[in-house]
Amino acid sequence: MEYDVIRVIALLMIVMVHVSAYVVIFFPETDEVEWLVGNFFNGLARAGVPMFVMLSGALLLKEDKPFDAEQFYKRNFLTMVLLTIVWMTLYGLFYAVGLPMLEGKAVVSSNFWQYL
């Protein structure tokens, strides 16, 4: 039950980061109240991502079972690395090929490596 509360709070904080970042970007003058409020909430909500990381660690490390580092690295870590590489490739293709095609621009293959 406690994990669900942490998950909801972290999720709301991530949403708050995205909303307040919009305010900070579009009100760049530091003497405006909107920018100060947006920057305050943006900084306050930055703890959302570390909360998700700590929650993942708490759920991976079960108290009733001893932690086997070799099994963790073989099963979880390598899967995360592989998924990261796949997503980086997909995002690189999207930004180097997909967006130029949607905008009617020429696709330059050398742009792919700058987005990885």
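This is a predicted model: local features need pLDDT of at least 70, side-chain atom pairs count only at pLDDT 80 or more; totals for chains, interfaces and linings use all residues.
A residue counts as buried when its relative accessible area is under 20%, as exposed when it is over 50%, and as partly exposed in between. Phenylalanine 41, at 33% relative accessibility, therefore counts as partly exposed.

**Helix α2**

- Helix α2 runs over residues 33–45, and its 13 residues reach 18 Å from the first C-alpha to the last, which is close to the 18 Å expected at 1.5 Å a residue.
- The residues Trp35, Gly38, Asn42 and Ala45 are buried in α2, and because they cover an arc of only 105° around the axis, they are on the same side of α2.
- An α-helix has 3.6 residues a turn, so residues three or four places apart point the same way.
- Asparagine 42 has its place in helix α2, and because its relative accessible area is 8%, asparagine 42 counts as buried.
- When residues up to four places away in sequence are not counted, asparagine 42 touches Val17, Ser20, Ala21 and Val24.

**Helix α3**

- Helix α3 has 13 residues and reaches 18 Å from its first C-alpha to its last, a span close to the 18 Å expected at 1.5 Å a residue.
- Gly48, Met51 and Leu55 are the buried residues of α3, and they are on the same side of α3 because they cover an arc of only 50° around the axis.
- Val53 and Met54, by contrast, are exposed on the other side of α3.

**The largest nonpolar core**

- Five residues make up the largest nonpolar core, and they are Ala10, Met13, Val17, Ala45 and Met51.
- Helix α1 gives the most to this core, with three residues.
- Alanine 45, which belongs to this core and is one of the buried residues of α2, touches Met13, Met16 and Val17 when residues up to four places away in sequence are not counted.
- In soluble globular proteins, nonpolar side chains tend to be buried together.

**Aromatic pairs**

- The structure holds four aromatic pairs, and among them is the pair of tyrosine 22 and phenylalanine 26, which is tilted because the ring centres are 4.6 Å apart and the planes are at 50°.
- Both tyrosine 22 and phenylalanine 26 lie in helix α1, where they are four residues apart, about one turn of the helix, and both of these residues are exposed.
- The rings of phenylalanine 40 and phenylalanine 41 have their centres 5.2 Å apart and their planes at 75°, so this pair is edge-to-face, since planes over 60 degrees apart count in that way.

**A residue in a loop**

- Serine 109 has its place in the loop between α4 (69–103) and α5 (111–114), and because its relative accessibility is 63%, serine 109 counts as exposed.
- Between serine 109 and leucine 44 there are 40 Å in space, C-alpha to C-alpha, and the two are 65 residues apart in sequence.

Definitions and conventions. Residues are numbered from 1 along each chain as its sequence is written. Side-chain values use heavy atoms; hydrogens and water are left out. Helices (H or I, at least four residues) and strands (E, at least two) are DSSP runs, numbered from the N terminus. The expected span of a helix is 1.5 Å times one less than its number of residues. Buried means under 20% relative accessible area, exposed over 50%, partly exposed in between (1.4 Å probe, protein chains only). The arc is that of the directions from the helix axis to the C-beta atoms. Rings of Phe, Tyr and Trp (its six-membered ring) pair if their centres lie within 6.5 Å; planes under 30 degrees apart count as stacked, over 60 as edge-to-face and the rest as tilted. A nonpolar core is a set of buried Ala, Val, Leu, Ile, Met, Phe, Trp, Tyr and Cys residues joined through side-chain atoms within 4.5 Å. Contact means heavy atoms within 4.5 Å.
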